[in-house]
Amino acid sequence: VQLQASGGGLVQAGGSLRLSCTASGRTFGGYAMGWFRQAPGEEREFVSAVSWNGGSTMYADSVKGRFSISRDNAKNTVYLQMNNLKPEDTAVYYCAADTYGILDVAASRDINEYDYWGQGTLVTVSS
């Protein structure tokens with residue numbers, strides 16, 4: 001599986017961006033998908049995840065109420081809608097695929113749970 005993330009860019013605080021992650025391969029619909037981010041000098045951290053059918057979602061506390069994850073299995077694509085962006089949201093955002101498919105409260109927040117990673121897309125939020 002190859003993942004291609006896109007949609008990053010420069011936005012002012014309070015603005016919005018929508019990230020997309022498109023996967024190759026027929027098995028995308030069976031995978032849980034996650035978004036992580038990594039700021040300069042920081043460790044990669046969990047942002048959000050969605051189960052294989054979109055029925056379950058998870059969010060980091062720092063983005064809850066501002067970000068929304070969704071997926072379109074017919075297009076092999078997962079989205080991250082980011083609203084009310086803050087300077088602290090500045091990071092490289094990575095999408096990842098978990099072949100397990102079902103979310104777990106603990107495991108789905110762990111980078112080691114994911115089997116495939118995209119290349120990242122940079123989001124910069126100016127104050």
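This is a predicted model: local features need pLDDT of at least 70, side-chain atom pairs count only at pLDDT 80 or more; totals for chains, interfaces and linings use all residues.
**View 1. Leu-122 and the residues it touches away from its own stretch of chain.** Once the neighbours within four places in sequence are set aside, Leu-122 is in contact with Gly-8, Gly-9, Ala-91 and Val-92. Take Ala-91 from that list: it sits 31 residues from Leu-122 along the chain, yet the two C-alpha atoms are separated by 6.0 Å. Leu-122 itself belongs to strand E11, which spans residues 121-126.

**View 2. Strand E9 beside strand E11.** Here you can follow the pairing of E9 with E11, which is antiparallel and built from three bridges. To find your place, look for Tyr-93, whose bridge partner in E11 is Thr-121.

**View 3. Strand E9 beside strand E10.** E10 covers residues 116-117. Two bridges link E10 to E9, again in the antiparallel sense. A handy landmark is Ala-97, which has Tyr-116 of E10 as its bridge partner.

**View 4. Strand E9 beside strand E4.** Now turn to E4, made up of residues 32-38. E4 and E9 run antiparallel and are joined by seven bridges.

**View 5. How covered is strand E9?** E9 takes in residues 91-98 and is mostly covered. Of its eight residues, seven are buried.

Terms used
Residues are numbered from 1 along each chain as its sequence is written. Side-chain values use heavy atoms; hydrogens and water are left out. Helices (H or I, at least four residues) and strands (E, at least two) are DSSP runs, numbered from the N terminus. Contact means heavy atoms within 4.5 Å. Buried means under 20% relative accessible area, exposed over 50%, partly exposed in between (1.4 Å probe, protein chains only). Two strands pair if DSSP finds at least two bridges between them.
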